[in-house]
Amino acid sequence: MRKATDVFGEWAAKGKDEGMEKNHAIPVKEMIDFILSNRKKKFSFLDLGCGNGWVVREIVKNPLCYRAVGIDGAENMISKANSLSDGNEYILGDINSFNSKEKYDVIHSMEVLYYLDNPKEVIKKISNSWLEDNGRLIIGIDHYYENTASHSWQDKVGTRMLMFNEKEWILMFKEAGLQNVQSWRANKSSDWEGTLVITGVR
């Protein structure tokens, strides 16, 4: 099995990141709409596993977002994000061991956490150290137990993917101390179980 960052770095070099952006656009829009609903205060935003930076570029269009940062472990993805950026900040770093020097009001992640060595510990670290008081963590997951269409992905992609069910993901959020934990399926259809979205507040 190859490292996920090597696989996605190769994808960026081949332009496959644009396909990822297109495939994730609908559930991410749903997540962002949820983040922004009823929000009146200005907020800072971190995209965990930002890829080519497309979510960061999208969220800064909102006048309430005063700072948006992306982090990714694939050097080619960060290079591409910087080449497409209009002054946004992108960090090259291993999410498994990264320690944020600042806190954020919203932390977003799409299709990233199950590639990590220990997502439960990263969620705890986010809750304890990366989120502001009343800050929100929101993640999207396509590779989960209930979505049988995703079960073959590890072998197809050739990188390790941890498999959890919806209840296990929810429990990780609650055990990290996050409150008002909610989950739903975004962009569900007759032949697709949908993106599992989980969110909670510090």
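**Close-up views of the predicted model**

**View 1. Helices H5 and H7 cross at roughly 35°.** In this predicted model, the axis of helix H5 (residues 119-130) and that of H7 come within 8 Å. The crossing of H5 past H7 is right-handed. On the H5 side, Pro-119, Lys-120, Ile-123 and Lys-124 take part, and they meet Trp-169, Met-172, Phe-173 and Glu-175 of H7. By class, the residues of this contact comprise five nonpolar and three charged, with no polar ones.

**View 2. Seven strands form an open sheet with mixed pairing.** The strand order is E3-E2-E1-E4-E5-E7-E6. Strand E3 (89-92) and strand E6 (179-186) each have a single partner strand and stand at the edges, so one side of each lacks a neighbour in the sheet. On average, neighbouring strands of the sheet are turned by 15° against each other, direction ignored.

**View 3. Strands E1 and E2 run parallel.** Strand E1 (residues 43-48) is joined to strand E2 (residues 65-72) by six bridges. Among the residues involved, Leu-48 has Ile-71 in E2 as its bridge partner.

**View 4. Helix H4 lies across E2 and E3.** Helix H4 comprises residues 75-84 and runs at about 165° to E3. Of the two strands that H4 lies across, E3 is an edge strand of the sheet.

**View 5. Helix H7 lies across strands E5, E6 and E7.** Helix H7 (residues 166-175) runs at about 20° to strand E7 (195-201). Strand E5 spans 131-141, and E6 stands at an edge of the sheet. Helix H7 also meets H5, through residues including Trp-169 and Phe-173.

How values were computed:
Residues numbered from 1 in each chain as written. Predicted model: local features only at pLDDT ≥ 70, side-chain atom pairs only at ≥ 80, totals over all residues. Heavy atoms only, no water. Pairing = 2+ DSSP bridges. Helix = DSSP H or I, 4+ residues; strand = E, 2+ residues; numbered from the N terminus. Axes fitted to C-alpha atoms, helices over the stretch in contact; angles between N-to-C directions. Contact = heavy atoms within 4.5 Å. Left-handed = near helix turned anticlockwise from the far one by under 90°. Nonpolar A, V, L, I, M, F, W, Y, C, P; charged D, E, K, R; others polar.
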